[in-house]
Amino acid sequence: MKVLFVRDEPRFKGGAERFLDRIQSHLIQLGFSIFYTGLKEPVHLLGPAPNRIWINPNVVRHVKDVVLQVKPDVIHINTNNFFTNSILQVFKKIDIPLIHSVHDWYLIERLQRKIYLDRHLPFHYITPSAGLAHALQQMNKPVTHLPIGVDVQFWTYKPYFSGKRDIDLLFVGRLERTKGIWMLCALYDVLQKIRPGLKLTLVGEGTECSKLMAWKTRRAYGAEVELAGVQHDAGLLHFYHRSKLLVFPSLIPEGLGYVGLEAQAAGTPVVAFQNAGTDLWCMHQKTGFAVEQGNFNALLTQILTLLDHPDYGASVTEPARAWVEKHFNINTLQETIQSVFQPTYVEV
């Protein structure tokens, strides 16, 4: 069986790409043949909206050519933000089972608009988020919840006090405003006055990277602030094992939040803003520490408490690991993934 994956070509990798990697890895193990085509972000003076709405004949032609060349049994859209209606125009006119990943709440909003073509296309939706799956069910859309989380055999658990944890605060993800990176920096400025010498490590890349370097220079932060860039999984695991706390300060409703699951599997306490995604795995004082969305003072107080009382943070690490193993273990999902990608399963 051949599966064609259609996706935006991301500038910065995030949860959507991890979701895709997990699915493809399983499908390859199951004997599926994998193909994909990526589309780069367009440049437009009026911003991204016109490219999403207008039908670009070059994009239509490209996708049609790929479909004719591959002759897939199933087509899967992982992300479709750059040329939305151009992609959907192609799929409106072909008789191939269609699967669509749902990573965030924007697509739910989009499905409620009359101007978007995907409101009536026969997609079978898949999502790692129970909240998004429920929203699609409420809209009478065919959907499968695929809680694809982490490989618990790779993300090994390290007991909190089994070794030196020299990173006080760790951030992992896209360095973007919407991910709360500047709130974290403002919080760190305050913490430095209260607890000088705290070490902050930022892992990832994004549009704010150069501005973050300027912030570090302007504040004269030396080795205590590290911009570690993109890390392979082995390097990322090392950062988790060295960290006292992962901070997840996203200012938007997350679909899930993979890095939180990875940190929990590795034995690192997590403090996160409450939202539809993080609420699935960060239960306050049970599997993590959750504070009101966007509440700077609440986040500051929670972090200070955890740094002052490491036993308090350590108390959630074993329950968090157990929660990930039970609810977000990638190694238990092959049968479900196979059933979703069988052509007879998708409603056409």
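1. Basis of the values. Because the model is predicted, local features need pLDDT of at least 70 and side-chain atom pairs count only at pLDDT 80 or more, while totals for chains, interfaces and linings use all residues. Residues are numbered from 1 along each chain as its sequence is written, and side-chain values use heavy atoms, with hydrogens and water left out.

2. Overall form. The chain holds 14 helices and 12 strands, taken as DSSP runs (H or I, at least four residues, for helices; E, at least two, for strands) and numbered from the N terminus. The C-alpha trace spans about 60 × 45 × 35 Å along its principal axes.

3. Of the 348 residues, 53% count as buried, that is, under 20% relative accessible area with a 1.4 Å probe and protein chains only. Of the contacts (heavy atoms within 4.5 Å) with a separation of 6 or more, 74% join residues 24 or more positions apart.

4. The largest nonpolar core. This core has 45 residues, and Ile 148, Tyr 240, Trp 281 and Phe 341 have the most contacts inside it; such a core is a set of buried Ala, Val, Leu, Ile, Met, Phe, Trp, Tyr and Cys residues joined through side-chain atoms within 4.5 Å. Among the elements that each supply at least two of its residues are strand S1 (2-9), helix H9 (233-242), helix H10 (258-266) and strand S11, and H10 gives the most, with six residues.

5. Helix H10. Nine of the nine residues of H10 are buried, including Glu 262 and Gln 264. The buried residues of this helix pack against H1, S7, H9, S10, S11 and helix H13 (317-327), and H10 is followed by Gly 267, whose phi is positive, near 95°.

6. Val 270 and Trp 281. Val 270 lies in strand S11 (residues 270-273) and counts as buried because its relative accessibility is 0%. Leaving aside neighbours within four places in sequence, its contacts include Gly 260, Ala 263, Gln 264 and Trp 281. With the same exclusion, Trp 281 is in contact with Gly 260, Leu 261, Gln 264 and Val 270, among others including Trp 323 and Phe 328.

Conventions:
Buried means under 20% relative accessible area, exposed over 50%, partly exposed in between (1.4 Å probe, protein chains only).
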